[in-house]
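Please find below a short note for discussion, to be read alongside the sequence and the structure.

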Amino acid sequence: DLVHLVLDVFVGTVTFSAVVTVGFMSGLMLLIPFLWPLAAVGFWVLCAMGRVIGWSERTRFKALLDLDLADPVPPLEGPNPWRRFLERFKVMPRWRELVYALVLLPVGVFTTLAALAAWCVPVALIGLPFYVDDLPGGSAEFGLFSIGSDQQPGVWLLALAGVVGVVLLAPWITVGLGRVDAWIARRLLSRPESEQVKERLGELEVSRVAAVDSAEAERRRIERDLHDGAQQRLVALAMGLGAARERLEGDPE
């Protein structure tokens with residue numbers, strides 16, 4: 001979770017800069033009629049960037065947060081290149097991927113700074129007894145109060161608070177921020193849960209029908225084998241009884 005959160009601001013800077021730059025340039029080209037073909041190419045590049053960003057982010061969530069995000073963008077249909085080009089602008093999940101690329105920067109600034117503060121502040125407090133003498137004025141300023149090197153009980157109390165922060169508070173804050181990231185990703189990079197449930201129900205229905213058909217075919221095979229095997233044994237028994245009946249008079253033993 002911590003690695004994922006620290007990467008947020010860096011990934012967000014790249015995605016925000018790329019999407020804003022390409023989108024802004026494509027929008028400017030629309031103002032000049034003879035540049036419309038280039039504007040169309042720019043918007044196509046923008047859609048392609050959204051797909052790359054969505055794929056890479058879903059991979060990052062899977063690798064670092066163990067979160068499976070189903071690709072919400074359906075495959076393009078139709079042989080006509082122009083219709084396929086227009087279809088890219090009609091699919092809402094593609095726009096959600098671009099929105100995520102823009103939202104990730106402000107969200108990443110918050111999550112990255114909050115995660116780093118959750119760990120760095122307690123660690124700084126733990127080491128306070130060892131460097132408080134070297135601070136300006138020989139005291140640590142905390143806004144509302146200050147702790148000097150001559151206040152050893154207070155210094156060690158803050159160090160104890162730092163231990164509590166590292167052991168208890170920082171991990172929970174990190175996990176909570178990771179869940180915030182996961183919530184945003186589910187809304188913008190994945191299909192709605194209702195659609196996933198419907199798809200899963202469809203898969204289960206198909207597997208149930210296949211299992212029922214397989215069981216029915218196996219039952220028929222067993223019935224056929226039982227019927228054919230019993231019939232063969234009855235014929236053999238009748239032939240044995242007939243042969244015994246013919247020999248009974250001449251050879252009763």
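The points that follow take up the nonpolar core and then the salt bridges of this predicted model.

1. On the core. The largest nonpolar core is made up of 12 residues in all, namely Phe61, Leu65, Leu67, Leu69, Tyr100, Leu104, Val107, Ala182, Ile184, Ala185, Leu188 and Leu189. At least two residues of this core come from each of helix H2 (36-65), helix H4 (92-126) and helix H6 (152-189), and H6 gives the most, with 5 residues.

2. Which residues does Val107 contact once its neighbours within four places in sequence are left aside? Val107 is then in contact with Asp181 and with Ile184, and the latter is itself listed among the core residues.

3. On the salt bridges as a whole. A search of the whole structure finds 11 salt bridges, and three of these pairs are taken up here, including Glu57 with Arg60, Arg58 with Glu97 and Glu216 with Arg220.

4. On the pair within helix H2. The side chains of Glu57 and Arg60 meet in a salt bridge at 2.7 Å, N to O; both residues lie in helix H2, 3 residues apart, which is about one turn of the helix. Glu57 counts as buried because its relative accessibility is 2%, under the 20% cut-off, and Arg60 is likewise buried, with a relative accessible area of 9%.

5. On the pair between helices. The side chains of Arg58 and Glu97 meet in a salt bridge at 3.2 Å, N to O, and this pair links distant parts of the chain, with Arg58 in helix H2 and Glu97 in helix H4, 39 residues apart. Are these two partners buried or exposed? Arg58, at 9% relative accessibility, counts as buried, and Glu97, at 1%, counts as buried too.

6. On the pair in helix H7. Glu216 forms a salt bridge with Arg220, and the closest N and O atoms are 3.3 Å apart. The two residues are 4 residues apart in helix H7 (residues 193-248), so they are separated by about one helical turn. Glu216 is partly exposed, with a relative accessible area of 28%, whereas Arg220, at 51% relative accessibility, counts as exposed.

7. On the network. Salt bridges that share partners join Arg51, Arg58, Asp71 and Glu97 into one network, and the pair of Arg58 and Glu97 described above is one of the salt bridges of the structure.

Technical notes
Residues are numbered from 1 along each chain as its sequence is written. This is a predicted model: local features need pLDDT of at least 70, side-chain atom pairs count only at pLDDT 80 or more; totals for chains, interfaces and linings use all residues. Side-chain values use heavy atoms; hydrogens and water are left out. A nonpolar core is a set of buried Ala, Val, Leu, Ile, Met, Phe, Trp, Tyr and Cys residues joined through side-chain atoms within 4.5 Å. Buried means under 20% relative accessible area, exposed over 50%, partly exposed in between (1.4 Å probe, protein chains only). Contact means heavy atoms within 4.5 Å. A salt bridge is a side-chain nitrogen of Lys or Arg within 4 Å of a carboxyl oxygen of Asp or Glu.
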